[in-house]
Amino acid sequence: LSSPGTCGVCGRTCAGATPVCSTAGACISGCSAGQERCAGSCVDVQSDASNCGGCGTACPARPNATAACRVGLCVNTCNSGFGDCDRNAANGCEANLRTDARNCGGCGTFCATGLCAAGVCTVPRTCDELHSGLPAAPSGPYTIDPDGAGGNGPITVHCDMTTGGGGWTLVYQP
């Protein structure tokens with residue numbers, strides 16, 4: 001059923017420069033130079049992510065990444081806004097560069113304020129907002145800006161990060 005010299009029946013020979021007999025016993029045209037026949041289709045195993053380097057070798061997609069085949073090798077490219085900051089291909093592009101305070105806007109950019117918004121280090125408005133961004137932050141003095149970029153500047157408060165789940169803002173008044 002798949003021999004070009006006896007394709008489907010005895011005596012049927014497939015013609016052409018690269019004769020091919022399908023597994024169904026029908027003569028089909030051969031593949032162009034640089035291509036291989038994989039599962040009945042001609043593919044470029046140098047660039048086909050489902051047949052990378054050879055038929056049936058699929059490039060695995062990693063979290064927050066797009067799989068591709070380049071020169072017969074599988075590669076993953078991080079999706080927009082994500083980075084492979086720990087350089088561990090197995091977990092993909094694990095860092096959200098728009099919100100990760102340890103990798104704000106790029107791998108290794110640490111926000112001392114504890115808050116990353118839209119890829120920019122910002123001052124949190126409340127201790128609860130800080131606690132959401134850095135859940136392991138200890139209780140202590142922190143700078144917050146209750147009105148955001150409004151007219152009043154940031155203030156120093158004490159953030160209780162443990163009582164009732166954490167994130168409580170304590171303001172001292174002289």
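The sulfur atoms of Cys-78 and Cys-93 lie 2.0 Å apart, a disulfide being a pair of cysteine sulfur atoms within 2.5 Å.

The structure is a predicted model, in which local features need pLDDT of at least 70 and side-chain atom pairs count only at pLDDT 80 or more, while totals for chains, interfaces and linings use all residues. Residues are numbered from 1 along each chain as its sequence is written, and side-chain values use heavy atoms, with hydrogens and water left out. The mean pLDDT (the predictor's confidence in each residue, from 0 to 100) is 86, and 92% of the residues reach 70 or more. Among the elements, strand S2 (residues 27-28) has the lowest mean pLDDT, 70, and strand S7 (residues 82-83) the highest, 97.

The protein contains 1 helix and 13 strands; helices (H or I, at least four residues) and strands (E, at least two) are DSSP runs, numbered from the N terminus. The radius of gyration is 29 Å, well over the 16 Å that the globule rule gives for 174 residues, so the protein is more spread out than a compact globule. This radius is taken over C-alpha atoms, and the rule is 2.2 Å times the number of residues to the power 0.38. Along the principal axes, the C-alpha atoms fill a box of roughly 105 × 30 × 25 Å. Of the 174 residues, 28% count as buried; buried means under 20% relative accessible area, exposed over 50%, and partly exposed in between (1.4 Å probe, protein chains only).

The disulfide count comes to 8. One of these joins Cys-52 and Cys-69, with the sulfur atoms 2.2 Å apart. Cys-52 lies in the loop between strand S4 (41-43) and strand S5 (65-70) and Cys-69 in strand S5, so the pair ties together parts that are 17 residues apart in sequence. The torsion about this S-S bond is about 80 degrees, so the disulfide is right-handed. Cys-52 is buried at 4% relative accessibility, as is Cys-69 at 7%.

The structure holds 1 salt bridge, defined as a side-chain nitrogen of Lys or Arg within 4 Å of a carboxyl oxygen of Asp or Glu. The salt bridge is formed by the side chains of Asp-100 and Arg-102 (3.6 Å, N to O). Asp-100 is buried at 12% relative accessible area, whereas Arg-102 is partly exposed at 49%.
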